[in-house]
Amino acid sequence: MPAIVLVGAQWGDEGKGKATDLMGEDVDYVVKFNGGNNAGHTVVIEKDGKLEKYALHLLPSGILTPSVTPIIGNGVVVDLEVLFEELDGLNARGVDTSKLLISANAHVIAPYNRTLDKVTERFLGARKIGTTGRGIGPTYADKMNRIGIRIQDIFDEGILRQKVEAALAFKNQVLAKIYNTRSVEADLVVEELLSYADRLRPMVADTALVLEQALNDDKNVLLEAGQATLLDVDHGTYPFVTSSSATAGGACTGSGIPPTRVSRVIAILKAYTTRVGEGPFPTELDDDNGEFLRKTGAEYGTTTGRPRRCGWLDVVIGRYATRINGVTDFVITKLDVLTGLDTLPICVAYDVDGVRHDEMPVGQSDFHHAKPIYEELPGWSEDISGCRTFEELPANAQAYVLRVEELIGARVSAIGVGPGRHEIIERHALLD
């Protein structure tokens, strides 16, 4: 059975968790393949007649579906304290987390990396990237510098101590002499990490082998991205990006599944655009419309609580996501948030110093100076939250979706019209 990749098409917060949850009953494995606890999914599930909200940060959203085996892949960086806090929180709410598997090759966020992340951002001042301060970037840097700590190292105290001491030999010099911050004691780091070993051990596996066997047994495997296309370290709006590969290509390297096993790429596109942190944002709205989108869409970070920057839908970005990821299907989320707006502008191109760009500009400077060129569509006032077929949508809502589909170059297979799992319209099957 081929694998399916699920990615965000914008700057994150598109509703990937909801899409995963929608397919949950038909999926056997859900794999988080990149990122860490620097982003989150909010999933709303109907339980015993009530809507329950779950905020997930490090764990794959498939953990909420009893039939799914959730996996944290080798491409993820793991904060062990956050991992167990999140597991304990779900267990307290009656969620069975016993099936979770974690790659032995995933890297661990050491306490000193959280410290470095925070002091570096403060040091950058106005030039800051806008990170969450959770140590994600420094941990990926350690991975590439080959001084990182992996999950498997937690089970060998000798190796763990060698790696921690080697890393701190340099990092303590940086903390003390550049940032004027106290040094980190290796013994305390080793003690903290070893304290998780016994509880962690049953969860650790050769997850690439597990997934290979699952695919050979005709199981459905969903590879779930953290962050999104425009935050990808290679293909995003660098340097205002995350430190991992959040596009479809990263699904293979971050899970150990070869690209020949992937048959479908599903991208999540919010019906408007949001962004958290620093960086360019051509359609950003600093007016009443922006505040309307923020309040109506409850646009506040799942992990940080930060208010999100809001703007009109940008299909230049959508086309870029289609191309970079090889998108076969789009899921449009939060279409209901647009209800009540008289006019709905869609950014179809950019103006950069008088030159029209129908695709993403090559240069970072051009993107910073890009001005949106809008096409305006009429809005609708009808409540669409109860619609369950495309034909039930108001004519103007249908026209909006069809025009977006035409502009982004891939079919729209599902449309979210509310926060719950049931509040979605399926035009085409996401799983064959």
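Tutor: Two residues are in contact when heavy atoms lie within 4.5 Å. Please bear in mind that this is a predicted model. Not counting residues up to four places away in sequence, Lys143 touches Asn74, Gly75, His107 and Gly148.

Student: In which helix is Lys143 found?

Tutor: Lys143 belongs to helix H4, which spans residues 136-145.

Student: Why does Lys143 count as partly exposed?

Tutor: Partly exposed residues fall between the buried class, under 20% relative accessible area, and the exposed class, over 50%. Lys143 has 26% relative accessibility, and therefore counts as partly exposed. Asp13, at a relative accessible area of 24%, is also partly exposed.

Student: What does the UniProt annotation "active site" cover?

Tutor: According to the unreviewed UniProt entry, that annotation covers Asp13, His41 and Lys143. Asp13 lies in the loop between strand E1 (3-8) and helix H1 (16-23). Leaving aside residues up to four places away in sequence, Asp13 touches Lys270, Thr274, Val276 and Arg308.

Student: Which strands do bridges join to E1?

Tutor: Six bridges join E1 to strand E11 (residues 262-270), and the two run parallel; here Ala3 stands opposite Val262. Four bridges join E1 to strand E10 (residues 221-224), also running parallel, with Leu6 opposite Glu224.

Terms used. Residues numbered from 1 in each chain as written. Predicted model: local features only at pLDDT ≥ 70, side-chain atom pairs only at ≥ 80, totals over all residues. Heavy atoms only, no water. UniProt positions renumbered as here; feature names shortened; annotations may be inferred. Buried < 20%, exposed > 50% of the residue type's maximum accessible area, 1.4 Å probe, protein only. Pairing = 2+ DSSP bridges.
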